[in-house]
Amino acid sequence: MSPAAPPSVPPVPAAPATPSAPASRLLDWRVRFGALALIWGFSFLFIKVGTEGFAPFQVTFGRLLFGTAVLVVALVVKRDRLPRGARVWGHLTVAAFLLNALPFSLFAYAELTIPSTLAGICNATTPLWGMVLSLVALSEDRPTRVRAAGLGIGFVGVLTVLGAWQGFSGLDVTGTALALLASFSYAVGWIYVRRTLSGTGASNLSLAGSQLGLATLQLAVVTPVFTSVPESVELLPLLAVLALGALGTGYAMLLQYGIVAEVGPTTASMVTYFIPVIATAAGVTLLGEDLGWNTPVGAVVVLAGAALTQTRTSRRRTPPRPEETAPLQIPPAPLPATSASLPTPAAPLPDVREPAPAAPRDPATRV
């Protein structure tokens with residue numbers, strides 16, 4: 001899950017800077033952007049390794065617990081306040097389920113039977129689901145030819161990855177369906193967050209930390225019911241769950257929060273398109289997973305379609321008539337709503353692919 005872009009603030013005059021200052025800032029956010037892409041891309045590998053020693057619900061609970069711990073430390077250091085109001089906490093509880101507890105668990109169960117490379121590619125379908133849902137749930141999102149074409153292209157890419165012409169031979173249908181359902185949950189969650197948590201007055205970090213904490217409580221209730229304490233704990237799976245939580249969930253959210261604040265959600269959301277590439281490379285090189293030609297080709301097609309679904313057409317402004325004393329005011333175009341979609345107003349952003357905390361309007365699925 002990823003934090004959302006901070007609320008807009010009045011512009012502040014910038015102090016004069018030396019010629020080298022812009023370059024250093026640019027390098028700084030690019031380095032953090034690359035680190036975020038790597039962390040989220042490797043999250044699918046961490047899930048795969050974690051499930052070799054723990055039950056899927058245990059992997060998810062550990063991920064949420066360690067991730068929440070990182071954000072709690074950040075909240076204490078920044079002396080940030082928790083959100084107020086029963087209504088806000090109620091919406092955060094739903095968001096925690098849709099953006100964290102449910103998709104994290106689904107990906108963990110999916111990777112019991114499918115490779116991490118396929119899980120990473122399924123995560124990239126979140127923008128496609130988001131577009132389909134936004135046409136129904138968000139009245140300001142109108143279909144265009146380009147976006148409709150993107151949806152069709154993305155669908156073809158999914159069929160290519162799954163090897164539809166071979167009758168989905170060798171494909172674990174259940175695992176793949178769970179991974180796609182996780183991506184669908186991200187899309188539903190972001191739309192819900194956008195409708196319910198905009199303008200709460202709480203900071204994005206506060207919303208993200210609270211949302212992740214609520215998801216941890218949800219898994220704390222569910223995990224003991226469906227799993228038993230492992231007889232032995234292996235070091236490698238334990239380290240994988242620790243990295244998945246502390247790095248892939250907690251620290252990644254802090255990274256995304258800072259990148260969105262510095263360069264904006266549109267640029268930050270581009271990390272979504274690097275995640276399946278890194279997940280595929282990690283799965284093939286480190287886990288020895290098989291890679292047919294259709295997997296990378298289909299992944300490229302999926303990403304191309306997802307990118308097209310996020311395009312926005314600019315509206316033409318009618319020049320004001322001479323007799324008009326006030327210029328025509330046009331509201332800004334809405335930002336793309338997705339998972340890994342960076343997660344804009346005041347709410348935490350996904351983790352896709354790794355997938356996302358609460359963010360009213362965000363691409364950057366987060367896993």
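Begin by selecting Ala306, which counts as buried because its relative accessibility is 0%, where buried means under 20% relative accessible area, exposed over 50% and partly exposed in between, with a 1.4 Å probe and protein chains only. What is open here is a predicted model, in which local features need pLDDT of at least 70 and side-chain atom pairs count only at pLDDT 80 or more, while totals for chains, interfaces and linings use all residues. Residues are numbered from 1 along each chain as its sequence is written, and side-chain values use heavy atoms, with hydrogens and water left out.

Ala306 lies in helix α12, residues 294–309; helices (H or I, at least four residues) and strands (E, at least two) are DSSP runs, numbered from the N terminus. Show next Ala124, Pro127, Leu128 and Tyr273, which Ala306 contacts when its neighbours within four places in sequence are left aside, contact meaning heavy atoms within 4.5 Å.

Now zoom out to the whole chain, whose secondary structure comes to twelve helices and zero strands, and of whose 367 residues 51% count as buried.

Move on to helix α11, residues 275–287, whose 13 residues reach 17 Å from first C-alpha to last, close to the 18 Å expected at 1.5 Å times one less than the number of residues. Its buried residues are Ile275, Pro276, Ile278, Ala279, Thr280, Ala282 and Gly283, and just after the helix Gly288 takes a positive phi of about 70°.

Where they meet, α4 brings Ser116, Thr117, Gly120, Ile121 and Asn123, and α11 brings Ile275, Pro276, Ala279, Thr280, Gly283, Val284 and Leu287.

Finish at the largest nonpolar core, which has 75 residues, with Leu36 and Phe107 having the most contacts inside it; such a core is a set of buried Ala, Val, Leu, Ile, Met, Phe, Trp, Tyr and Cys residues joined through side-chain atoms within 4.5 Å. Select Leu36 and then the residues it touches, which are Ala252, Leu255, Gln256, Ile259 and Val271, not counting residues up to four places away in sequence.
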